[in-house]
Amino acid sequence: DEEEEPSHDFIFRSKLPDIFIPNHLPLTDYVFQRFSGDGDGDSSTTCIIDGATGRILTYADVQTNMRRIAAGIHRLGIRHGDVVMLLLPNSPEFALSFLAVAYLGAVSTTANPFYTQPEIAKQAKASAAKMIITKKCLVDKLTNLKNDGVLIVCLDDDGDNGVVSSSDDGCVSFTELTQADETELLKPKISPEDTVAMPYSSGTTGLPKGVMITHKGLVTSIAQKVDGENPNLNFTANDVILCFLPMFHIYALDALMLSAMRTGAALLIVPRFELNLVMELIQRYKVTVVPVAPPVVLAFIKSPETERYDLSSVRIMLSGAATLKKELEDAVRLKFPNAIFGQGYGMTESGTVAKSLAFAKNPFKTKSGACGTVIRNAEMKVVDTETGISLPRNKSGEICVRGHQLMKGYLNDPEATARTIDKDGWLHTGDIGFVDDDDEIFIVDRLKELIKFKGYQVAPAELEALLISHPSIDDAAVVAMKDEVADEVPVAFVARSQGSQLTEDDVKSYVNKQVRIRFRFFNAKHTQDGKLSMS
Ligand code: 4UV
């Protein structure tokens, strides 16, 4: 017992019992399990609503498209284990491409469509992507990669216009994929340990790395939320789940898109967050689930326009990806009279770590400011950051998590993998927090370098490396500064080389050619002990 044997780890678990998780299945078999054989799903129900056009895809449409696109990319030479980059804004095509690549046993590396040309090239090369699925308006950023032999598949900017044309810019039209003959492709053999998704994350330190998420890992993560008699996150076939959070990021991919499909819910896909458009869509489609990140919560709170829309259909609002202040949580509740509000806590490397039990089918009472309770079929401990010894309830330390949902490791980086997942299988999150008497988790600080700008990752090491590469910069240090809107913003301390007249604007324009990161700037100088201080 944890109280009597302090020499043993204090291990925290969900209040929900463990369940059977069919994580031997390939991801797409698992996700559409209810729609196959004697499953109880009705394939004629809505799976995807395209918020941009109103187009609807049923569960039957999505599975047919998935198999056709899989056959199409197979015909273009993509095989089991090959990497395909998805460089797409939120769209039905993002979902279909991801599913098709998974169905084929290949790997999707997802990238932010706002990335600059060098950022895309870096990820495409590091992941050895053989194909990039993207939109016409982004193709210009891919010229060099195309010249290096990467296949570019391109969606028309207005979506799929049904015209097959291998356009003269050397890109394959996406329509060619959706019109492929699915019977050409034999169902590929997939092992649960095969990588299916490879988003990039800097983790606890250093530069962004490919996070190898397996079929088994994703199936486990989805099941931990939405499976069982009393699911932790009770999505049902009657739900309309709004998705403006970026689908290239683990939060939307795992906890929204795939979890929605597993339960037979409808996913309303929106390309980007625009407050009034989002409220209009909530009203029009009677949206029941609104997943957000803290800056969106703030936008709702500050807007007087919320009064103009009928938001009464919303029964769940969940926030994640960054710290949400208790006051914001309390304030946003008032805007959604019928919604249960709660948080989720996760990480690219581990999928969902915690979810509020207020979202369970048979819900529990929860507290404002908590980021959930550890998901079922998993273990959590909190360790002293100096000694590594595990701590009891109400004591803050580094949060560690263990279970089949964790990543397999970082691509080509066994050292970084070993630093993150220890020999006993514990993933060290780099987050500081505690578990209270009711099993609720509170995050109070961050041990790792990572900066979270509006919930997006900014790796200080990346920005520092770039700054130092400037001939007139001697040294640079990047840290996080608290910000009301963005949660955190990166701040760079820059030491100019002697005699340099370099201005703040020079530095910003140099950086912005390379990365999309916006940051604040301070002049700095070296102190005698070799550290940087403000000048
Ligand atoms: O790697 P990443 O960018 O990943 C995320 C994932 C968020 C998810 C995932 C699945 C869910 O079901 C869900 O609800 C949310 O953000 O960044 C990971 C780091 O972001 C911080 C924390 O420092 C993580 O290590 N973070 C994520 N969620 C929270 C958070 C939160 N609720 N409160 C405070 N910090």
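# Helices, strands and their contacts

Setting aside neighbours within four places in sequence, valine 511 is in contact (heavy atoms within 4.5 Å) with Leu463, Leu466, Leu467, Ile517 and Phe519. This is a predicted model: local features need pLDDT of at least 70, side-chain atom pairs count only at pLDDT 80 or more, and totals for chains, interfaces and linings use all residues. Residues are numbered from 1 along each chain as its sequence is written, and side-chain values use heavy atoms, with hydrogens and water left out.

Valine 511 is found in helix α14 (residues 504–512). Helices (H or I, at least four residues) and strands (E, at least two) are DSSP runs, numbered from the N terminus. Is valine 511 buried or exposed? Valine 511 is buried, with a relative accessible area of 0%. Buried means under 20% relative accessible area, exposed means over 50%, and partly exposed lies in between (1.4 Å probe, protein chains only). Aspartate 29 is 482 residues from valine 511 in sequence and 44 Å away in space, C-alpha to C-alpha.

**Single residues in other helices**

Threonine 220 sits in helix α7 (residues 215–226). Threonine 220 is buried, and its relative accessible area is 2%. Apart from neighbours within four places in sequence, threonine 220 contacts Ile21, Asn23, His404 and Gln405.

Alanine 418 belongs to helix α12 (residues 414–420). Alanine 418 counts as exposed, at 52% relative accessibility.

| Pair | Apart in sequence | Apart in space |
|---|---|---|
| Valine 511 and aspartate 29 | 482 residues | 44 Å |
| Alanine 418 and glutamate 184 | 234 residues | 42 Å |
| Aspartate 475 and alanine 495 | 20 residues | 5.2 Å |

Aspartate 475 has its place in strand β25 (residues 473–483). Not counting residues up to four places away in sequence, aspartate 475 touches Ile468, Phe493, Val494, Ala495, His526 and Leu532.

**Two helices that cross**

Two packed helices are described by the angle between their axes and the distance between the axes. Axes are lines fitted to C-alpha atoms, for helices over the stretch in contact, and angles run from 0 to 180 degrees between N-to-C directions. How do helix α3 and helix α8 cross, and at what angle? The axes of α3 (residues 92–104) and α8 (residues 250–263) come within 12 Å and cross at roughly 80°. That makes α3 roughly perpendicular to α8. Angles under 35 degrees count as roughly parallel, over 145 as roughly antiparallel, 65 to 115 as roughly perpendicular and the rest as oblique.

From α3, Phe94, Ala95, Phe98 and Leu99 take part, and they meet Leu253, Met257, Leu258 and Met261 in α8. By class, this contact of α3 with α8 has eight nonpolar, no polar and no charged residues. Here Ala, Val, Leu, Ile, Met, Phe, Trp, Tyr, Cys and Pro count as nonpolar, Asp, Glu, Lys and Arg as charged, and the others, Gly among them, as polar.

**Helices with a buried side**

Which residues of helix α9 (residues 275–285) are buried? They are Leu275, Val278, Met279, Leu281, Ile282 and Tyr285. These residues cover an arc of only 160° around the axis, which puts them on the same side of α9. The arc is that of the directions from the helix axis to the C-beta atoms. The buried residues of α9 pack against β1 (46–50), β11 (240–243), β12 (266–269), β13 (289–292) and α10 (294–302). Lysine 286 follows α9, and its phi is positive, near 50°.

In helix α11 (residues 326–333), Leu328, Glu329 and Val332 are buried. They cover an arc of only 100° around the axis, so they are on the same side of α11. The buried residues of α11 pack against α10, β14 (316–319) and β15 (340–347).

**Strands**

Two strands pair if DSSP finds at least two bridges between them. Why is strand β5 (residues 129–135) largely enclosed by the rest of the structure? Six of its seven residues are buried. Strand β3 (residues 83–87) and β5 run parallel, joined by five bridges. Valine 83 stands opposite alanine 129 in β5. β5 also pairs with strand β6 (residues 151–155), in the parallel sense over five bridges. Isoleucine 132 has isoleucine 152 in β6 as its bridge partner.

Four strands form an open sheet in the order β18-β19-β21-β22, with antiparallel pairing. The edge strands, β18 (379–383) and β22 (441–446), each pair on one side only.
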